[in-house]
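Student: I have a model open and would like to understand the words used for it. Could you take me through them?

Tutor: Gladly; ask away as we go.

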Amino acid sequence: MQTTKLSAKSILPLTCSRSGSCCFGKAVMLNPWELLCFSKEKKITTREFRDLYTDFGGIRLIFNGKPDKKGQNACSQYVDGFGCSVHLGRPLACRLYPLGRQIQFNKAEYIYEGKTFPCLTDCAEVLDLPKLSVGKYLEGQKAGAFENAQDEYLVVMQNIADIAFELLLDTGLATSGDTKTLAIWRTMGNELPEILTERIGAVWIDYLMLPEITDEVKNPKIFIQKHNNFLLLKAQEAFGSIQTTDELHEACVLIMGVALHLSRGLGADTKGIAEHWIETAKSHGALE
Ligand code: SF4
């Protein structure tokens, strides 16, 4: 589908009429800090929120509410006649909607898919409301902290993948003639999220989505730094003393699976990222 790019100064009918279909039939992806924000707003534990309202170990919000006229289910957090029940804790995807955000050469770009601005087809009455620039709209949505959290987690994703690179390239696994590891990286890049969740297993899914750093909801930067350090520590504990090539292969697959699962929670192109990491590994001597 065609993508339309916008600048922060682009003026659009971004004021919400609150009568549209933005809380119906969507795929809202979550990072671990957003899961914490939701649980605080809902006044339940992050584990409870994860288990009740999300799929795939916490990376996607469940949409199982009353359907709209098009038959699309409402978000699990949507209350008929009221709207979002966790408005202050809503994630970046909801703050940006109907815009998307992509990082190109370390710069954020705002986009929407298709030729027509979505609100004009779903909520024609927004035409009568005041228009806003993209920048002003995002300011009003208090999207800044959530955008920063997304960017910080992209760094964590690469840090986790770097552990897989070390296990493959710095231990003798790649030079042992191993060809299985990159093949499974590719499989995981194409794998359905429920299968990848299963492959990773409950322990590492919990390390990724429920790090139990509960005191930093207002400071995503510190939360994510602590989470990054926690994941590196757990990798050190789990993989620090392994010796055989079979064990190295297993570890290398597991930790790359964690990085790819996080990429999906960040709304990234998981398949494209897996291919990029495979090419990087091959350029450093790994075989496929
Ligand atoms: S979290 Fe709230 S704003 Fe986002 S889709 Fe669900 S009900 Fe709508």
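Student: How do you know that the protein is divided into domain 1 and domain 2?

Tutor: The bounds, 3-142 for domain 1 and 145-283 for domain 2, come from an automatic or database domain assignment. Keep in mind that this is a predicted model, where local features need pLDDT of at least 70, side-chain atom pairs count only at pLDDT 80 or more, and totals for chains, interfaces and linings use all residues. Residues are numbered from 1 along each chain as its sequence is written. The C-alpha centres of the domains lie 27 Å apart, and their contact takes 21 residues from domain 1 and 24 residues from domain 2.

Student: What makes two residues count as in contact?

Tutor: Their C-beta atoms, placed from the backbone, must lie within 7 Å. On the side of domain 1 that touches domain 2, the elements giving two or more residues are α1 (32-42), α2 (46-53) and α3. Helix α1 gives the most, with six residues. Helices here are DSSP runs of H or I with at least four residues, strands are runs of E with at least two, and both are numbered from the N terminus.

Student: Why is D55 said to lie in a strand?

Tutor: Strand β3 covers residues 54-55, and a run of at least two E residues is enough for a strand.

Student: What is noted about the backbone of K142 and E212?

Tutor: Each has a positive phi without being a glycine: near 50° for K142 and about 60° for E212. K142 sits in the loop between α5 (134-140) and α6 (144-169), while E212 is in the loop between α9 and α10 (220-239).

Student: How do you know that the buried residues of α8 line one face?

Tutor: The buried residues of α8 (residues 193-200) are L196, T197 and I200. Seen down the helix axis, they fall within an arc of 105°, so they line one face; the arc is that of the directions from the axis to the C-beta atoms. An α-helix has 3.6 residues a turn, so residues three or four places apart point the same way. These buried residues pack against α7 (180-190), α9 (202-209) and α11 (245-265).

Student: What makes a set of residues a nonpolar core?

Tutor: Its members are buried Ala, Val, Leu, Ile, Met, Phe, Trp, Tyr and Cys residues joined through C-beta atoms within 7 Å. The largest nonpolar core has 71 residues, and among those with the most contacts inside it are I160 and A259. This core draws at least three residues from each of domain 1 and domain 2. Leaving aside neighbours within four places in sequence, A259 is in contact with M157, I160, A161 and A164.

Student: Which residues surround the ligand, and what makes a residue near it?

Tutor: The C-beta atom, placed from the backbone, must lie within 6 Å of the molecule. The ligand is surrounded by C23, V28, C75, Q77, Y78, C84, V86, R90 and C94.

How values were computed:
Buried ≥ 20, exposed ≤ 12 C-beta atoms within 10 Å, placed from the backbone.
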